[in-house]
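Hello,

Here is the structure I promised to pass on to you.

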Amino acid sequence: MHQTYARAPSLARANGQPILAALSKAGQRRYVLFLLLIAPAFLLRITTAAYPILQTIYLSFTNLNLIKNTNEFIGLQNYVAVFHDYGVREALSFTIMLVVSATILELGIGMLVALLLNAAFVGRGFARTINLIPWAIPTIVAGYTFRWLLDDQFGLIPYWLNLLSGARMVAFIDPVSARIAVILVHVWKDAPFMAIIFLAGLQGVPQDLYEAARVDGANVWHRFWHITLPLVMPLTITMGLFRVVWSLGSFDLVYGLTQGGPGVATSVLALQVFREGIMFFKFGFASTISVVLLVVVAIVGAIGLWLFRRSEVSY
Amino acid sequence: MVNRARISRPWSRRWSSSAVYVSFLFFTFIVLLPVYWMVRSSLAPAADLIKIPLVYFPTPTLRNFITLVEQVPFLDYVRNSLVFALATTLVTLVVSFLAAYAFARIRFPGSSIIMWTLVLSMALPDVGTIVPLYRILSSLRLLDTIAGITLVLSSALAPFTVWVLVSFIKQVPYEIEEAAIIDGASLWQIFGRILVPVTKPALVTMGLINFINAWNNLLYPLSFTTSPSSKTLSVSITEVFAGYSPWGKPWELIMAVGVTMTVPMVILVLFSQRAIVRGLTGGAIK
């Protein structure tokens with residue numbers, strides 16, 4: 001062990017960082033150490049992520065069903081069925097609709113909130129603290145709370161709307177208003193997270209860039225567009241992408257807010273996987289929906305990476 | 001501090017201060033309205049929730065919480081949620097810290113590819129693996145156990161945790177370890193006496209974030225637990241919602257579970273705002 005380490009410092013000094021010659025004996029022992037250290041994490045990921053994903057792909061070609069007790073290889077039949085399944089088609093289109101509209105709104109509103117949280121005013125500390133509350137509230141709880149807040153009989157928002165305009169608001173009976181409700185609650189829950197990311201970016205923008213731009217006669221809007229935005233973009237895209245991908249794979253919000261209803265108007269792919277797989281034990285069919293979801297995630301991820309590469313700037 | 005004040009000046013100068021305060025009030029209203037509604041409904045007698053005009057400030061009572069304790073194994077659920085969240089936090093931190101150290105300190109051609117394979121695996125949607133996981137947990141006899149959902153969620157949280165910890169460990173000057181190595185310290189001494197104390201802020205940050213994620217997690221407990229000995233609060237709220245009272249949904253009880261789940265999270269946020277923000281931005285703010 002000592003020998004292993006004794007080699008490291010001299011090389012570290014030579015290179016300015018701890019890189020070892022690959023073929024030295026000490027180097028080999030470092031490889032062993034490396035493998036031992038990453039082993040627990042990789043063991044977990046292989047057993048609960050890599051292997052299951054491969055199994056999901058395999059199962060998507062079978063009719064494994066715990067209720068009907070079938071388990072045969074049926075080729076592409078599930079894929080044909082998935083695209084004829086009304087629930088899955090609606091869920092696919094709403095998943096895309098939700099991701100696109102919620103992300104755009106969250107970026108816009110998140111930026112406005114970040115500008116507010118970055119302004120100097122009495123109460124800024126309070127504002128920064130409560131900004132974290134929507135993020136910290138369990139999504140399922142947020143879903144139920146908004147469902148009750150929007151309740152057509154005793155909910156606060158329909159009640160106020162009725163007092164103000166006399167209109168009767170029925171949020172969850174009509175597919176369009178139910179979808180709008182899901183999108184807006186999603187924005188309430190996630191825009192503060194985006195604001196935190198933007199705020200971090202705003203605080204990292206070197207002040208002299210603004211000074212220089214001001215000297216050159218750039219107005220507020222120009223400074224925002226040409227300095228602030230390009231500099232906060234890489235961080236936003238990275239963290240925003242994690243967040244978007246994470247939310248593609250979860251159904252907590254719709255599970256609490258609408259349970260996918262009315263009908264399947266607000267169902268998302270993740271909810272369909274859960275229903276078909278865990279509630280109805282149609283393992284094969286559920287796996288096929290999972291593969292569709294994987295493809296959506298891959299497309300979103302690819303777009304994100306492309307944006308990230310375009311947005312990298314240095315200063 | 002000085003620096004931040006200077007950065008905010010160009011914006012604050014343009015915004016008239018009244019506009020700032022109006023947006024501050026609007027922001028506070030939007031953020032806190034659901035919180036008010038939840039707390040108000042959880043503390044109200046059931047009959048007060050179905051009155052028009054609405055009762056904005058009902059006489060507070062803990063009746064709904066007592067009902068929960070009497071009618072569902074509520075305290076078991078609280079305990080399960082705590083055990084699940086703490087165990088997940090611990091497992092995730094230990095596993096991630098070891099891997100992060102390897103990635104930050106032992107570099108060779110290809111080591112970063114191994115790291116990115118691990119980190120990018122967080123893009124795999126959790127729900128996409130529940131069917132195989134159900135079968136794996138079943139064959140390991142871990143279905144319907146807290147240990148089972150702990151392992152599965154720790155694995156899901158590890159990639160992000162590793163990613164953040166790597167960037168923190170890289171900021172620790174290597175010279176400290178170098179000196180320890182020359183003095184003949186073992187790997188565990190380096191971990192215990194140098195790296196853990198030095199990266200403590202990062203560990204606290206990721207501990208908090210993982211605790212919150214685990215406490216809030218619905219997917220795995222809902223999919224893999226069925227008995228009161230392992231079900232969590234997040235599952236119990238869906239079950240209370242599925243129940244009916246003569247007036248419709250028992251909103252006073254649903255909101256009481258909601259408050260029970262939310263209060264610990266809000267307390268954590270109030271006391272550790274900075275630490276959490278540091279982690280959420282991947283270590284971008286120091």
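**What I found**

Chain B has 14 helices and zero strands (DSSP runs of H or I with at least four residues, and of E with at least two, numbered from the N terminus). This is a predicted model, where local features need pLDDT of at least 70 and side-chain atom pairs count only at pLDDT 80 or more, while totals for chains, interfaces and linings use all residues. Residues are numbered from 1 along each chain as its sequence is written, and chains are lettered from A and ligands numbered from 1 in the order in which they are written.

Of its 286 residues, 48% are buried (20 or more other C-beta atoms within 10 Å of a residue's own, with C-beta atoms placed from the backbone).

The largest nonpolar core has 160 residues (buried Ala, Val, Leu, Ile, Met, Phe, Trp, Tyr and Cys joined through C-beta atoms within 7 Å). Helix 7 of chain B, residues 146-171, gives the most to this core, with 16 residues. Ala99(B) is among the residues with the most contacts inside the core. Leaving aside residues up to four places away in sequence, Ala99(B) touches Leu118(B) and Val162(B), and also Leu37(A), Ile38(A) and Ala41(A) (contact means C-beta atoms, placed from the backbone, within 7 Å).

Where the two chains meet, chain B contributes 92 residues and chain A 94. Helix 2 of chain B, residues 17-42, gives the most to chain B's side, with 14 residues.

Best wishes

Key: A residue is buried if 20 or more other C-beta atoms lie within 10 Å of its own, exposed if 12 or fewer, and partly exposed in between; C-beta atoms are placed from the backbone.
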